[in-house]
Amino acid sequence: MAEVAMTEKTQEETSDERPVVLKVDHVAKMFRLPTEQATGLKMAFLNWTKGIKGYTEQHVLRDINFEVRQGDFFGIVGRNGSGKSTLLKIISQIYTPEQGSVTVKGKLVPFIELGVGFNPELTGRENVYLNGALLGFTRAEIDAMYDDIVEFAELEDFMDQKLKNYSSGMQVRLAFSVAIKAQGDILVLDEVLAVGDEAFQRKCDNFFAEIKKDPTKTVILVTHSMDAVKKYCNNAILIKDGEIIASGDKNDVADRYTEENLTAKKQKKQVDGAYEQGLNEACPLLKIKPVSKVVVNGGSPFDFDLEYESRDSGDLFITFTLFDVKRGGIIYDSADSLRIVKQGHHTAHLQLPLNLFTNGDFRLQAAMMTPDPERPGHPKQIAYTNEDNSCFFAIRESGHRNGYGLINSKSLSIIPRTAI
């Protein structure tokens, strides 16, 4: 089946007759980070004789290969530090790769950092011409674009004022308008979907919707918004540690990015003999581990394991709390329905129905509790799962389930699949 699917995909790719406007071929990039500095010529010579370089090599990109065709809305995603911005600067010819090559056909307009090439001592009008010249446009070409740029930025009354008198929002609108209204063939955008106020963002959204309809325009978009990838892009790649780990279908790449974020391991510095945050001698282990995939469609329950070690012989039970990571708030609390009847090290298999939830990112947290004889109805907390021991998952169902959902706690409960 895999061979058949691969053959079909190859045939589909070869049948695409649109020209390739950007080809990144085996690109690699590294930076030299100084580790020590020689204080003089003598020290530099001694370091050289000892084989001390005085720097370490940081490999930011490794063997990057992909093609972008004319008319594509191409997404590049990855966690911070993965190499996305370095790749864009190589594509925009700001950096030169150590290995490989980048071939561009057509006029490429980069918009990598807001306000680059703007002079605060010049007027808005002068900055439009200055920035246009830096992008490679002639004065006649900028004349033809000028009215569209000013109209899009909504700064008609301010173009003869110095840029230093603009608010930060006005400067953002002008810089972004120059980039997207420039009559280029390939538009490179880095983290720009959140620029300006809400009204300007709607205008940008409409612009992206229109540019998608133009088969002669190509957009390369770097963003952390997977909603934007699914909404605008037709193809995408995911970069991790300088390498492409997923490419092709935008939905698959977006879901893989979400999974990478949810499963990223945090490096914990723990003192020898000390318990992790939330744990103690009575409960040295309490951890939730996903059994289902961490990116799910919401149609099936979410399976997970609760691993715990109890050294207390008292009346203990587990509570679960579900948090909405992005929108905030507690959307579910299981109260005291799950009792622990065994001491020692055990693993319980559990299930959380998801049919009432909308798309979102969630954190499932557990706590070990015991009744408080001094305060009936107010149990005491013995231990809890910290961020590293809690479980993160995401619901991604295309077409609907977005927005805020009403959770009916009477209809939603943790279901034990085995005895605890």
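**Two helices in contact**

I started with H5 and H7, which are oblique to each other. The model I am reading is predicted, and in it the axes of helix H5, residues 139-153, and helix H7, residues 198-211, come within 10 Å and cross at roughly 135°. Angles over 145 degrees would count as roughly antiparallel and those from 65 to 115 as roughly perpendicular, so the rest of that range is left as oblique.

I then asked which residues of H5 meet H7. I found Glu151, Phe152 and Ala153 on the H5 side, and Phe200, Lys203, Cys204 and Phe207 on the H7 side. When I sorted the residues of this contact by class, they divided into five nonpolar, no polar and two charged.

**An enclosed space**

How many cavities of 30 Å³ or more does the count give? I noted one cavity of 30 Å³ or more, and for the largest cavity I wrote down a volume of about 30 Å³.

For the lining of the largest cavity I listed Val128, Gly132, Leu135, Phe137, Ile142, Met145, Ile149, Val178 and Ala182. Helix H4, residues 124-134, and H5 are the elements that give two or more residues to this lining, and H5 gives the most, with three residues. By class I recorded eight nonpolar residues, one polar residue and no charged residues around the largest cavity.

**A serine in a loop**

I turned to Ser92, which lies in the loop between helix H3, residues 84-91, and strand E4, residues 99-104. Is Ser92 buried or exposed? I have it down as buried, because its relative accessibility is 14% and the cut-off for buried is under 20%. Leaving aside residues up to four places away in sequence, I found that Ser92 touches Leu108, Pro110, Ile112 and Val188.

**The whole chain**

Last, I took the totals for the protein, which has nine helices and 20 strands. The protein has 420 residues, and 42% of them count as buried.

Technical notes
Residues are numbered from 1 along each chain as its sequence is written. This is a predicted model: local features need pLDDT of at least 70, side-chain atom pairs count only at pLDDT 80 or more; totals for chains, interfaces and linings use all residues. Side-chain values use heavy atoms; hydrogens and water are left out. Axes are lines fitted to C-alpha atoms, for helices over the stretch in contact, and angles run from 0 to 180 degrees between N-to-C directions. Helices (H or I, at least four residues) and strands (E, at least two) are DSSP runs, numbered from the N terminus. Angles under 35 degrees count as roughly parallel, over 145 as roughly antiparallel, 65 to 115 as roughly perpendicular and the rest as oblique. Contact means heavy atoms within 4.5 Å. Ala, Val, Leu, Ile, Met, Phe, Trp, Tyr, Cys and Pro count as nonpolar, Asp, Glu, Lys and Arg as charged, and the others, Gly among them, as polar. On a 1 Å grid over the protein atoms alone, a cavity is a set of points where a 1.4 Å probe fits but cannot get out, and a pocket is an open set with protein on both sides within 12 Å along at least five of seven lines; lining residues have an atom within 4 Å of a point. Grid points are joined across faces, edges and corners, and a volume is the space filled by probe spheres set on the points. Buried means under 20% relative accessible area, exposed over 50%, partly exposed in between (1.4 Å probe, protein chains only).
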